[in-house]
Each structure stands twice: as structure tokens, then as C-alpha cells.
Amino acid sequence: MNHYDFDREIDRCHTGCMKTDALLPMFGRDDIRAMWIADMDFPTHPAITDALLKRASHPVYGYAAVPDEYWNSIISWLDRRHGWRVTREMLTFTPGVVRGIGYIINFFTRKGDKIVIQPPVYHPFRRLIDGNGRVTVENPLVCDADDNYSMDLEGLEKIFAEEHPAMMILCNPHNPIGLQWSRDTLASVARLAAKYGVKVVSDEIHGDLMLHGRKHYPYLDTCEEARMTGIALGAPSKTFNIPGLSSSWIAIADEKLRKEFYEWMEVNEFGEPTMMAVVGTVAAYNHAEDWLDEALKYIEDNIAAVQEYCREHMPRIKAVAPEASFLIWLDCRGLGLDHDGLIDLFVNRARLALNDGAMFGHEGDGFMRFNVAAPRHTIIAALDQLREALVKAGL
């Protein structure tokens, strides 16, 4: 029996919502359907809303203390959901995973240091590296003819041995493809990192969004070398659709690795959660797990609907089903369009706002990232718009 209504359509326009209110500067028009940035169009769990409203109703918004309940909610969630046992000492707060990676880059590396990424990958990684005066080194994923992706471990070792990078940013699960790395693959990365003295930053913000009963493997929980080399980041934001609360966490198992960094975070007050971040996080981790389970089932059905629609009505577009997350990697190379032609098809002809695959690296050319965390009738309407545009274009 379902307890939550994911078919309910909510108008998010003019609410400060990036997905809808930033369409014009991002896509050049605002009369298009927003299926891009990675947040959900579902109302979040009532317990989260109630907790925030209760705290907001108190008339004094003074300096906020961080209760033990906040840290315990994170520790309990990671143990309950992933079997990963962390301690309070391993954790600190960060106001967003991207900001956290920025802190980590600035503390642990120097200008000119090399940092490895694995495109096609979440585009802010490159922006953080290049914008902070570091050097991006690419170890692209390997993709076969059936759109199956794997990590090039031989290429990674070659880069570690010859380029001597200071750091690697790992996306686990991998965005935009939605691939959950196996425990063996993660352990192999950790052993290479330990051998060559590379710190591994593991972005695990999609780790709670595992589909069809798959297991998420936290990098720090794979082997001793991972605990020695790793810095993990996660959040309730994607999980419970609360990214606007800017609540995320960093976990470091190795005491030597975390000691000076956490002291630096503390002295600069980077690790101090806001009042609403605390309230929302505790409510989410402690009271919203049933909502997540239902949302994931709904998302699984949305993904299946997209795949079936493409097979029946748009066979030249292949929907690559993710293992985690609510983002579908659409392989549009069968349309035979160049980059500008593909963008024109989606934005100006189909009137759809999706993330352009090329923004994740040139390996994403010919792909589009489709957010399906929305009511099913919205998903089908978007596909109908795309189908109509293809027919009119003779594709």
C-alpha cells in the first residue's frame, strides 16, 4: 500500500527554484519543460516539513547549538541503510558536497597540483579543480557498444605513476551514468591510491538512491587502503529532496588525515550547520525512510516507462537505465545530429530542458541527462513532446 502521492503535480515556478526559475539564463527561453537539474519534483516527507515549521514558529532565531541527535541521526542512517559503521570523530558538517570538495581541494592540495577525474562526470568537479588553480587530469570511463561503462584501472595506474597527481575525485555512484562501482573496483582504486600516495575524494551523494535492491558500497568501507586514503562526502539532500537546506557531511576514517583538516574547518567555521539544516537532517534520517523506499519504487517504474517508450516510439534514442539515482543517460547518437543540432532539437523543437551530455566532458557528446523524479504523467508528456519534435524533423 502506498502512503505518498508522487503523481501530484506541484508548481515550483517563482519560488526561487533553480529548476524552473533559471530556465531563461540557462537555456535561452522559459517556455520549456524543466527536466534537468538533479532535484525531485516530489513533496518531501511530512515529518521534515512539520519539523521545519515547528522550529520556524519559535520567534527567536539565535545562534544554534548542534545537538548530539544530529550526528547520531547520520551515524544511525549509514549503519542501518548501508551497514557502514562510522564514529562521531569521523564526521564533520559541510554546507553542500560541492562546497565540501572545494574545502578539501584547498586544504590538501596546492596550485598546480594535478587532480584526476573520470569523465563523463559531474561537471562541477572540473570547475572546482580549474577554478582553484589546480590541473585536471582525465581518466575517461570505458564504454562499449552497448553503453556499458567500466573504470579504466590500467589507465588510472598509468596516470598515478606518470602524472603524480595529489588527488582523485571519485563519483560513487557515478553521475551522470548512475553506475554503482563494485567493492572490488573501489578496493582496486584504494590500493593504487595507497601505492602512489594519492588522496581519494569520494562523492557519495547518490548512494542512498540505489535501485532494484542493489547495494551501495561506501569507499571508506571497502578495505584498509581506502580508510587510509579516503575522504567521503554524502548528504540527505538528494535522498529526501532537501538540497535547499544545504546539509551535507564529510567522513574521514584516518585520524592523521582528518585531524588538521577538521581543525581548519572548525577555526574557519566551515563545519557549523545552520539551525534548519540540523532540524531537517534529523527529521529526514530518523523519520523519512519509508518515503524514500516508496519514491525509489516510483522512480524505478518511471525509468521502465521511459525505456519502453523509447523502444516503441523513438528507437534511435536509447535510455541507459541507472543502477542508482533518478537520472537517465539518453544515448541520442543514433539521431546523427551534431552537438548544436541536438540542443536545438531538445530546447527549441521539443521545448525540453535537459542537461547536455557534453557538459560532463566530451565523452558525453550525443547524450542527454533526463531527470525522471517527477510525476509519471509529466515524464510521458515530455516524451510526447520529444517524439513530436522528432517526427516534424524527419528523425
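Which residue in β10 does T94 stand opposite? In this predicted model, the residue facing T94 is S248 of β10. The two strands concerned belong to an open sheet of 7 strands with mixed pairing.

**Sheet architecture**
- The strands follow one another in the order β2-β10-β9-β8-β7-β3-β4.
- The edges are formed by β2 (91-94) and β4 (135-138), each of which pairs on one side only.
- On average, neighbouring strands of this sheet are turned by 25° against each other, direction ignored.

**Pairing around β10**
- Strands β2 and β10 are antiparallel to each other and pair over 4 bridges.
- Strand β10 (residues 248-251) also pairs in the antiparallel sense with β9 (residues 230-234), over 3 bridges.

**Side chains of β2**
- In a regular strand, side chains alternate between the two faces of the sheet.
- In β2, L91 and F93 point one way, whereas T92 and T94 point the other way.
- L91, T92, F93 and T94 are all buried.

**Helices on the sheet**
- Helix α6 (residues 124-131) packs on the sheet and touches β3 (114-117), β4, β7 (167-171) and β8 (199-203).
- Helix α7 (residues 153-163) lies across β3, β4 and β7.
- Relative to β3, helix α7 runs at about 175°.

Technical notes. Residues are numbered from 1 along each chain as its sequence is written. This is a predicted model: local features need pLDDT of at least 70, side-chain atom pairs count only at pLDDT 80 or more; totals for chains, interfaces and linings use all residues. Side-chain values use heavy atoms; hydrogens and water are left out. Two strands pair if DSSP finds at least two bridges between them. Axes are lines fitted to C-alpha atoms, for helices over the stretch in contact, and angles run from 0 to 180 degrees between N-to-C directions. Contact means heavy atoms within 4.5 Å. Buried means under 20% relative accessible area, exposed over 50%, partly exposed in between (1.4 Å probe, protein chains only).
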